[in-house]
Amino acid sequence: MNPVARAAVTCDHDALKLADLGWNESWASHLAATGATGRPGRVLVAHRGACIVGTAEDDLAAEPSGTLRREAQSGGLLPAVGDWVVLVPGEGAVRAADAPGRSGPATIERILPRRSAISRKVKGKAAQVQVIAANVDTVFLVSGLDADFNLRRIERALVAVWDTGAQPVVVLTKSDLSADVEDKVTTVQALAAGVAVHAVSARDGVGLDALDPYRRHGSTIALLGSSGVGKSTLINRLLGWDRQDTGGVREHDSRGRHTTTKRELIVLPDGGVLVDTPGLRELQLWEGEGGLDAVFADVTADAGACRFRDCSHHEEPGCAVRAAWAAGGVTPERVESYRKLQRELEHVASLRDERSRLERSRQEKVLHRAARKHQPRE
């Protein structure tokens, strides 16, 4: 079965009106400004280059145009779940429900400018980014209150999404399995200053009312979290029926197995849409310098008193931040978490700089060859 067919098999909902997917006058203005004449739609499923796109008429199997694919090779965008795109059905285009065994997908000619993008670095040495979800209003950072409760993982997630354009919200699941829920909520609130923190039990339905304000009609919520934190159970509760498969966790550490294998957009019955994502073993940072300073404001509170304005708080003399750490103002675990994420961001920045240099060099060579080709022969 080809990639389009595999993606189509997973799309189990009826075609929806664009407004139910978040379309509004603002998006219509963006479309008009492009001058494009195709059909607007939103990417519901993205799987190995194949997409399912929801339109006003049908959900269509679709693939990026050759132009988009070529541009992606030099840093351009490929469609991600949540993207608003301009679609050209063309001859042979098929409805998503009819895609298995059929060919001739529609063509995605353009991606409308994103309002937000949740991204991570692709695992490995290369400077490659993966967009997890686009045009997200709110990100539920889901973490379990069981034996897998991990403050360092929450810190990393906050840094990763802080500057994405989406509002981060920490959702602590499995409150029914914890005897010190209030203490853990207070601890997370302290490290996530200004970010809403909600403790819920999807199994018992406790605390879910606190999530209702984020479920506005036309709004988009993305769920991020590691395997076993209860994202699928939470989605089933919000939907009101068991759409997502759920799996158990290991008893000794509460780690789960992957029950979600793709990113997809799910429409809620009483307003809003969800973007479900597979469990992330580690959310590798792509950008987040602003998030690092915001999430670790207590760690860098004395930065203004450092001798050097560009102090990195490593080995520079006269560093007021390190002096505060030594005085015990911040826990060693939090300082080490800050330093680890700072080193990771510096490494990613160097990879991005090298990638930009190589791309500039490639473009210069292309221009040089083109110029030589058009030089008159003597």
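**View 1. Pairing of Leu-87 with Ile-108 in strand 5.** The bridge partner of Leu-87 in strand 5 is Ile-108. Strand 4 and strand 5 (residues 106-111) pair in the antiparallel sense over 4 bridges, where two strands count as paired if DSSP finds at least two bridges between them. Strands (E, at least two residues) and helices (H or I, at least four) are DSSP runs, numbered from the N terminus. This is a predicted model, in which local features need pLDDT of at least 70 and side-chain atom pairs count only at pLDDT 80 or more, while totals for chains, interfaces and linings use all residues. Residues are numbered from 1 along each chain as its sequence is written, and side-chain values use heavy atoms, with hydrogens and water left out.

**View 2. Strand 4 and strand 1.** Strand 1 (residues 39-47) runs antiparallel to strand 4 and is joined to it by 4 bridges. Val-86 in strand 4 is the bridge partner of Pro-40. Because 4 of the 5 residues of strand 4 (residues 84-88) are buried, this strand is largely enclosed by the rest of the structure. Buried means under 20% relative accessible area, exposed over 50%, and partly exposed in between (1.4 Å probe, protein chains only).

**View 3. Salt bridge between Asp-176 and Arg-203.** The side chains of Asp-176 and Arg-203 meet in a salt bridge (3.2 Å, N to O). The pair links distant parts of the chain, 27 residues apart: Asp-176 is in the loop between strand 9 (167-173) and helix 5 (181-191), and Arg-203 in the loop between strand 10 (196-199) and strand 11 (220-224). A salt bridge requires a side-chain nitrogen of Lys or Arg within 4 Å of a carboxyl oxygen of Asp or Glu. Asp-176 is partly exposed at 29% relative accessibility, whereas Arg-203 is exposed at 57%.

**View 4. Salt bridge between Arg-215 and Asp-212.** The closest N and O atoms of Arg-215 and Asp-212 are 3.1 Å apart. Arg-215 is buried, with a relative accessible area of 12%; Asp-212 is partly exposed, with 37%.

**View 5. Salt bridge between Arg-334 and Asp-298.** In this salt bridge the side chains meet at 2.9 Å, N to O. Arg-334 lies in helix 9 (residues 332-373) and Asp-298 in the loop between helix 7 and helix 8 (320-326), so the pair ties together parts that are 36 residues apart in sequence. Salt bridges that share partners join Arg-152, Glu-155, Asp-298 and Arg-334 into one network. Arg-334 counts as buried at 7% relative accessibility, and Asp-298 as partly exposed at 38%.
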